[in-house]
Every structure is written in C-alpha cells, then in structure tokens.
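Please read the following points with the sequence and the model side by side.

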Amino acid sequence: MKILLTKIRLDGGTQPRKELDETLVQHYTEEILEGQAFPPVDLYFDGKHYWLSDGFHRWHAHKRAGHKDITSNVIEGTKRDAFIASLKANAQHGKARTPEERRYVVQLALEDIELGDLSDTQIAQICLVSNMTVGRVRKAIGLKKETSVGKDGKRRNTSKIGRKVTTLPEPQFEDEDKLTELATEITAVSEENTKLKDMLAVRSLPVSEEARAEVKETIESLREQVRELEVKLKSMTQSRDEFMSKNAEMLKQITYWKRRAEKAA
C-alpha cells in the first residue's frame, strides 16, 4: 500500500546505520525518476504513527525524486517493535552492511535495557550476525555489571575509578563462528574493493561525463546480474548436493535390505 512520506516517522531511533550514503540515495533517485520500481519499505503502525524500520535510503530517494508517497509494508506494532526489527535491516537485501555497521547494531542491542540481558546467541539471531561478532562487541564496549539505566532505556556505566568491577568472562567461540565472521568480513571488503576499482576505471576513461555515467550504470547493472546469478548458482548447488546425499542414502538402504532378503532366502 502507498503511505504519504510526511506520515512516516524517521525520528524513533530506528535507523540501523550511523549515516546515510548520499551516493546511494542519488543513485536510487535517478532510478526512481527513470521509472524503476523498488521493494516496499517496512513500517510499524501503532494506531497513530508509522515508524520506519527498513528503507531509509529509499524514503529519502523518493522524497528527492518529488514523490509524495511510497509503497510500504505496514505491520501492526510499536516504535519499540520497529527498533528491534531495524537491527536486522539490510542483512539480506539492499546495500550490504559493513563490518562496522554490523558491530554498531550489536552495540545498540547490548546497550538496550531489555535486549542487553539476552545471550550472545539470542542477540546474534535478532541482529542476524554471528555469535562471535556479539561477543567481540560486548568485550570491546566493556559492559560491566555495575550499570544504571538512562531515560532513553540505554545502559550507563556508573563504575568509578578505583572501584573494583566484575567484567563478563571472555566469550568462547566455535571454529564455525570464526569462519562465518571471517567470510562475511572478507566478502564485504571484496565488494568495497570491487566498487573502488570500478570507480577508478570509469574516472580514467577519456570520455565525457555523460558517457562515464552510462558506463558506470552499465557496470553496476552487470555487477548486480552477476550477484543474482551467484545466488541462484549457490541455491542450485545446495539442491544438487542435498539430492545426491539423499540418493546415496537410499542406495545404502536398498543394498542393506537386499542383503537381508538374500540371507532370509
């Protein structure tokens, strides 16, 4: 459904990024002006206000393009619900979260009065990150047991210099968590490196700015097609592997029962 941009609240602390990517907003704006359709933004409606939880770049792009409304996925819920939902925004779509942005949403969760009491595994599931990321952030911000809660619902460290405090034990990580975190960070760095190479290559072309813009747009489109094909290939490979595994298991069972039948005969 369409919701007026002016009715959508952006001031509820539900922005999962520290800042907007102006380049991305401009890119989205140009695509909107060219007639490109975008996925709906996620809104939580509490009966009075629409709280934006996912789609800040799209909201700003629609406003910049002169649109009065935006296609929205409206969910019944409070500003609190929108905040919790925002912690996993862009984990599986849109502009990929950088390692810093993933750590940022984890910190928001850890400093929350309710979420901060959850286990690393539970917070990891809410933020769609690895357990190791949560543990590393918890250790980095040095959460201590002696804390108070501010009016905004966030934890405040009240320990004084010289006072003995008890810190949480250093988290233990499984090898799988470490590999997942490392793979995620490598992928993010690789994507940023590719974008930088593309940008430098386009700028070095001895053509007009208009031609460079067209080349840049073509490259971005091809990159997106490659990513979509890689996702499809991964899905097909997993399906093939599952089929082969089940087929091998069936062959084992057939062989087993065939031997049992021969012995019984």
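1. Residues are numbered from 1 along each chain as its sequence is written, and side-chain values use heavy atoms, with hydrogens and water left out.

2. Two stretches call for caution. Over residues 144-149 pLDDT stays under 50, and the model has 21 contacts (heavy atoms within 4.5 Å) beyond four places in sequence for them. Over residues 157-171 pLDDT likewise stays under 50, with 22 such contacts. Where pLDDT is low, the predicted coordinates should not be read in detail.

3. The protein chain has eight helices and seven strands; helices (H or I, at least four residues) and strands (E, at least two) are DSSP runs, numbered from the N terminus. Of its 265 residues, 28% are buried, where buried means under 20% relative accessible area, exposed over 50% and partly exposed in between (1.4 Å probe, protein chains only).

4. Helix H4 covers residues 99-110. Among the buried residues of H4 are Val105, Val106, Leu108 and Ala109.

5. How do H4 and H6 (residues 131-141) cross, and at roughly what angle? Their axes come within 9 Å and cross at roughly 65°; axes are lines fitted to C-alpha atoms, for helices over the stretch in contact, and angles run from 0 to 180 degrees between N-to-C directions. H4 is therefore roughly perpendicular to H6 (65 to 115 degrees). Arg103, Val106, Gln107 and Leu110 of H4 make the contact with Thr133, Val134, Val137, Arg138 and Ile141 of H6.

6. Several residues of H6 are buried, including Thr133, Val134, Val137 and Arg138. Just after H6, Gly142 takes a positive phi of about 60°.

7. Leu128 lies in the loop between helix H5 (120-127) and H6. Its phi is near 55°, a positive value in a residue other than glycine. Is Leu128 buried or partly exposed? Leu128 is partly exposed, because its relative accessible area is 38%.

Key. This is a predicted model: local features need pLDDT of at least 70, side-chain atom pairs count only at pLDDT 80 or more; totals for chains, interfaces and linings use all residues. The expected span of a helix is 1.5 Å times one less than its number of residues. pLDDT is the predictor's confidence in each residue, from 0 to 100. Angles under 35 degrees count as roughly parallel, over 145 as roughly antiparallel, 65 to 115 as roughly perpendicular and the rest as oblique.
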